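Visitor: Please show me the structure, and then let us discuss how its parts are arranged.

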Amino acid sequence: MSSIDPGELLQYLINGLALGSIYALIALGYTMVYGILKLINFAHGEFYMAGGIFGVLAIGTLGLHPALGVLAVLVACGALAMLVERLAYRPLRNKNRIAPLITALGVSIVLMEGFRVVFGAQPRSFPQLFENTVYDLGEWFPSLEGVIVQQTQIVIFLVMLVLMSALSYIVLKTKMGRAMRALSFDFDASRLMGVPIDRVIAFTFFLGASLAGIAGILVGMYFNNVEPYMGQLAGLKAFTAAVLGGIGVIPGAVLGALALGVCESLVVGYGQSSYRDAIAFGILILMLTTRPWGLLGKPQREKV
Amino acid sequence: MLRRLATLALVSGVALSATAAQNIKIGVFLPMSGDQSSFGDETMSGVKMAVEEINAGKDFKIELFTQDEKSNPTDSANAVKKLINVDKVDVVVGTVASSNTNAAAPIAQAAKVPLMSPTSTNVKVTDVGEYVSRICFIDDFQGSAMAKFALKPKAEGGLGAKTAVLVIDSSSEYSKGLSAAFREVFTKNGGKIDNDGEIFYVQKDRDFSSLLTKIKRKKPDVVFAPGYYTEIGNMIRQAHTFGITAKFLGGDGWSAPQLFTLAGEKAIVGHYFSDHFSHEDTDPAVQDFVKRYRAKYGKDAPGMAALGYDSIRVVIDAAKRAGKVERTALMKAINSTKGFKGVTGVITLDAKRNANKPLVILETQKDRATFKTRVNP
């Protein structure tokens with residue numbers, strides 16, 4: 001590698017931002033649930049997988065109109081998450097913090113294998129919702145000939161930005177959002193103030209899982225491939241992103257995810273694909289040892 | 001008179017033994033569930049067809065025992081233990097993935113029961129010992145055949161390639177083996193592969209955009225990507241999006257209908273991979289098999305079915321030559337298989353108990369692969 005070609009670098013950045021946007025949508029759910037319940041919901045990656053598979057069923061198999069199909073997927077993923085919360089997490093809410101964590105791992109396996117049993121392990125192709133037009137930047141900037149941006153990448157990026165803004169609005173400006181923030185400060189005080197805790201938590205799960213479901217649909221369109229095990233690694237990456245940005249902080253999750261996506265893309269481009277996951281999790285370890293509150297988080301002193 | 005009587009007795013004795021079919025117990029272990037189940041189903045369909053045909057004849061009566069190896073090494077080992085210790089089979093046939101066959105083979109070797117793999121192509125499979133054999137070619141042959149095909153001038157039916165990039169699944173011994181063989185033959189015969197012309201990925205990767213950006217900048221004539229259909233399907237689809245025009249080449253790991261659905265019909269047309277068998281092969285023996293398979297199962301015979309079919313027939317051919325159904329005699333007869341005319345080509349086992357036989361190169365169309373050429377070893 002003698003010199004760095006700006007076009008090549010730009011292409012890696014574009015690829016990385018698209019990948020990072022997908023991580024971001026999953027990381028948002030992680031971070032919300034953590035912010036409120038202090039629970040790392042390791043089953044969260046499975047809602048993303050469910051989104052992909054429900055998408056194939058709703059739009060491909062049942063032939064629903066894409067808009068209707070996406071809506072159906074959102075509701076289905078959200079409902080699944082609410083069910084999981086009701087059955088697996090709520091009974092353990094007042095126990096120590098290890099019990100729900102282990103349960104989350106169990107839920108993840110149950111969902112993954114459940115989907116495999118019902119839908120099979122074979123990867124399925126995803127119905128195309130729109131023509132994936134490819135733009136060559138050389139048309140506008142001749143020196144960048146050969147650098148391409150796909151319509152799907154643009155859609156993924158925009159959808160991510162819109163949903164992040166919508167989520168921030170919900171959390172900061174609505175009554176439900178205020179209740180969520182109250183819960184994250186003090187559980188018992190919120191209950192005394194009449195905040196309907198169960199409803200707020202169920203809503204949080206619904207919201208987080210719908211975002212993950214959208215990510216599942218987007219990734220289905222982007223890679224044309226969904227299968228029951230896709231949530232595993234993506235979930236871990238999103239968790240890394242959330243920690244990187246500062247778990248519990250909404251813009252942090254997005255920043256961390258985009259940074260992770262770009263980083264992975266550069267590793268593949270200038271290094272070797274084989275090191276990609278190692279680098280991603282290396283970042284996680286480095287972050288946890290040096291700055292565990294993340295890029296945008298605030299250090300919290302342990303209360304004694 | 002006495003002599004005539006003796007002759008009569010001898011003749012009738014022969015006649016008697018000819019009518020009583022010999023019993024042989026064959027144990028088959030294949031992936032009937034899990035990731036490789038489509039390969040297992042296909043192989044089993046060929047096995048069953050061969051067993052029915054042989055049992056309809058007079059010479060042998062096959063008692064078939066089957067086990068599901070669930071697409072993993074542990075269950076493969078258990079399946080073979082059960083076939084040998086509980087069912088007491090004379091011969092074991094299986095399985096698809098080389099790593100699973102490798103897990104089961106030492107058990108058969110230790111028990112001195114012949115084990116024949118219909119479809120495991122990794123070089124190391126038969127190293128276990130003399131009781132382990134296979135009726136398919138090995139990975140080196142696929143890699144070198146594809147390299148020669150890529151180099152051969154267009155006028156002679158090849159691709160006329162001069163430069164290549166290797167895309168290797170670093171989590172698979174199979175992929176590394178094919179790549180090494182391809183590199184050696186391609187570069188030795190005048191082809192060029194850059195020092196950084198080896199690009200790695202791992203199974204379950206979905207985003208190949210940066211890998212493909214690299215390939216696009218290199219502008220090779222061909223990309224040799226001997227991976228499995230799930231990743232390759234995605235990769236070829238994304239390569240099309242990136243406007244990469246190089247031909248992609250691969251091995252029998254591509255051979256599944258999902259390759260076409262995952263890549264999509266716009267991207268998949270015009271690439272090549274090596275396989276064991278083509279139902280479009282014009283050889284009359286192949287066409288006869290294809291016709292009977294279609295009559296039985298209502299679809300075109302896949303390569304795995306042909307290998308399953310041949311594996312049983314090679315075992316029976318060996319039993320015929322051995323003259324008796326006994327494990328060690330069967331092993332010796334199997335290992336001396338020579339010039340057996342199977343539907344997947346003429347099968348001769350070499351000193352390492354690997355089949356020396358031709359492969360076919362298939363060209364991908366919108367939704368299926370068509371016969372391009374046959375390569376002899």
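**The interface and the sheet**

Guide: Asp5(A) and Arg217(B) form a salt bridge, their closest N and O atoms lying 2.8 Å apart. The model is a predicted one.

Visitor: How many salt bridges are counted between chain A and chain B?

Guide: A pair counts when a side-chain nitrogen of Lys or Arg is within 4 Å of a carboxyl oxygen of Asp or Glu. The pair Asp5(A) and Arg217(B), at 2.8 Å, is one such salt bridge. For chain A and chain B the count is 4.

Visitor: Which element supplies the largest share of the side of chain A that touches chain B?

Guide: On that side, α1 (6-37), β2 (148-150), α8 (197-223) and α10 (250-270) of chain A each supply at least two residues. The largest share amounts to 6 residues, and its source is α1(A).

Visitor: What area do chain A and chain B bury between them?

Guide: In this interface, 35 residues of chain A are in contact with 29 residues of chain B. Carbon and sulfur atoms account for 43% of the buried area. The area buried between the two chains is about 2700 Å².

Visitor: Which residue in β7(B) is the bridge partner of Val167(B)?

Guide: Chain B has an open, mixed sheet of 7 strands in the order β7-β6-β8-β9-β10-β14-β15, with β7 (198-201) and β15 (369-375) as its edge strands. Strand β6 (164-169) of chain B runs parallel to β7(B), and 4 bridges join them. The partner of Val167(B) in β7(B) is Ile199(B).

Conventions
Residues are numbered from 1 along each chain as its sequence is written. Chains are lettered from A and ligands numbered from 1 in the order in which they are written. This is a predicted model: local features need pLDDT of at least 70, side-chain atom pairs count only at pLDDT 80 or more; totals for chains, interfaces and linings use all residues. Side-chain values use heavy atoms; hydrogens and water are left out. Two strands pair if DSSP finds at least two bridges between them. Contact means heavy atoms within 4.5 Å. Buried area is the accessible area (1.4 Å probe) that two parts lose on being put together, summed over both.
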